[in-house]
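Try each task on your own before reading its solution.

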Amino acid sequence: MNEEIYDISIITVTYNSSLTITSTLESILNQTKNKIEYIIIDGNSTDETLELVKQHQLQFPQIEFKILSEPDNGIYDALNKGIQLATGEVIGFVHSDDILADNHIVSTLANQFEKENIDGVYGDLQYVDKNNIDKIIRYWKSTDFNSSLLKKGWMPAHPTLFLKKEVYEKHGEFNLSYKISADYDFMLRILKDDSLKFTYLPKVITKMRVGGASNRSVKNIIQKTKEDYRAVRSNNIGGWYLIFLKNISKVRQFIIKS
């Protein structure tokens with residue numbers, strides 16, 4: 001398939017994100033491959049978020065914007081709305097405090113889907129300082145896909161995962177009964193499906209500012225642990241020992257940062 005007609009939908013969920021949204025927007029809109037459908041799902045922001053989005057929309061007429069602003073039931077509800085609006089063959093997420101690692105990411109991903117018969121691509125993730133995105137706090141380096149790794153606590157970084165729209169059509173969207181771990185539950189559902197093919201791109205796809213919902217407080221960490229356990233049980237992947245392995249595997253990410 002010709003790269004120029006290979007459509008990718010990128011979804012960004014925002015809510016009072018004016019402090020970080022500009023860098024997110026620019027990392028997407030300055031991609032060398034500009035045949036992108038860019039979907040903004042805003043939770044009815046009361047700051048300048050939407051104004052900044054609309055300013056960039058005017059500056060980048062070659063990008064197809066879809067903007068929806070209304071109250072939602074949390075980030076996963078907003079992501080589901082974005083999936084429902086997406087028309088691209090491939091769907092990816094760039095959250096409002098994240099950025100794509102360089103201006104060639106979308107082109108590289110499109111080429112990967114073009115040359116391989118695959119359903120999803122994932123790569124590496126850098127957690128960076130809130131105020132200095134060049135300062136790496138944690139490096140989530142992934143590995144080649146093997147479904148047996150799921151039972152050892154392995155998981156690709158969700159922000160780096162780009163999937164064909166068909167995967168959502170087959171497996172559904174995020175389960176809103178999870179408040180923090182819906183992405184983990186969703187990835188377990190699709191990654192254990194032996195009919196799907198995934199490939200690892202050994203490069204940094206996304207930079208994420210530290211301070212996400214899952215690790216914002218002790219209460220959230222406890223809730224995430226409980227939801228992770230529920231996810232592995234409901235997907236018949238394992239139990240508490242798997243959750244232990246999953247959490248222990250993160251220690252390395254703080255030590256090795258390249």
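## Exercise 1: Aromatic pairs

In this predicted model, a search of the whole structure turns up 11 aromatic pairs.

**Task.** Work out which class the pair of Phe93 and Phe174 belongs to, and which parts of the chain the pair ties together.

**Solution.** 
- Start with the geometry: a pair of aromatic rings is described by the distance of the centres and the angle of the planes.
- For Phe93 and Phe174 the centres are 5.9 Å apart and the planes stand at 50°, so the pair is tilted.
- Next, place the residues. Phe93 belongs to strand S4 (residues 90–93) and Phe174 to the loop between helix H5 (165–171) and H6, so parts 81 residues apart in sequence are tied together.
- Finally, check the burial: Phe93 and Phe174 are both buried.

**Solution.** 
- The ring centres are 5.2 Å apart with planes at 55°, so this pair is tilted.
- Phe186 sits in helix H6 while Phe174 is in the loop between H5 and H6, so the pair ties together parts 12 residues apart in sequence.
- Both residues are buried.
- Putting the rings together, Phe93, Phe174 and Phe186 are among the members of one aromatic cluster, which also includes Tyr76 and Tyr168.

## Exercise 2: The core around Phe174

**Task.** Find which residues have the most contacts inside the largest nonpolar core, and list what Phe174 touches.

**Solution.** 
- The largest nonpolar core has 36 residues, and those with the most contacts inside it are Ile11, Leu163, Phe174, Leu188 and Ile190.
- Helix H6 (residues 182–191) gives the largest share of this core, 7 residues.
- Leaving aside residues up to four places away in sequence, Phe174 touches Tyr76, Leu79, Asn80, Ile83, Phe93, His158, Ala182, Asp183 and Phe186.
- Apart from this core lies another one of 27 residues, among them Val94, Ile105, Leu109 and Ile118.

## Exercise 3: Salt bridges

**Task.** The structure holds 9 salt bridges.

**Solution.** 
- Buried means under 20% relative accessible area.

**Task.** Which residues are linked with Asp228 in a network of salt bridges, and over which ring does Lys246 lie?

**Solution.** 
- Asp228 and Lys246 form a salt bridge whose closest N and O atoms are 3.1 Å apart.
- This pair links distant parts of the chain: Asp228 is in helix H7 (residues 218–234) and Lys246 in helix H8 (residues 240–248), 18 residues apart.
- Asp228 is buried, with a relative accessible area of 2%, and Lys246 counts as buried at 7%.
- Lys224 is linked with Asp228 and Lys246 in a network of salt bridges.
- Lys246 also lies over the face of Tyr184, at 4.5 Å from the ring centre.

Conventions: Residues are numbered from 1 along each chain as its sequence is written. This is a predicted model: local features need pLDDT of at least 70, side-chain atom pairs count only at pLDDT 80 or more; totals for chains, interfaces and linings use all residues. Side-chain values use heavy atoms; hydrogens and water are left out. A nonpolar core is a set of buried Ala, Val, Leu, Ile, Met, Phe, Trp, Tyr and Cys residues joined through side-chain atoms within 4.5 Å. Buried means under 20% relative accessible area, exposed over 50%, partly exposed in between (1.4 Å probe, protein chains only). Helices (H or I, at least four residues) and strands (E, at least two) are DSSP runs, numbered from the N terminus. Contact means heavy atoms within 4.5 Å. Rings of Phe, Tyr and Trp (its six-membered ring) pair if their centres lie within 6.5 Å; planes under 30 degrees apart count as stacked, over 60 as edge-to-face and the rest as tilted. A charge sits over a ring if NZ of Lys or CZ of Arg is within 6 Å of the ring centre and within 35 degrees of the ring normal. A salt bridge is a side-chain nitrogen of Lys or Arg within 4 Å of a carboxyl oxygen of Asp or Glu.
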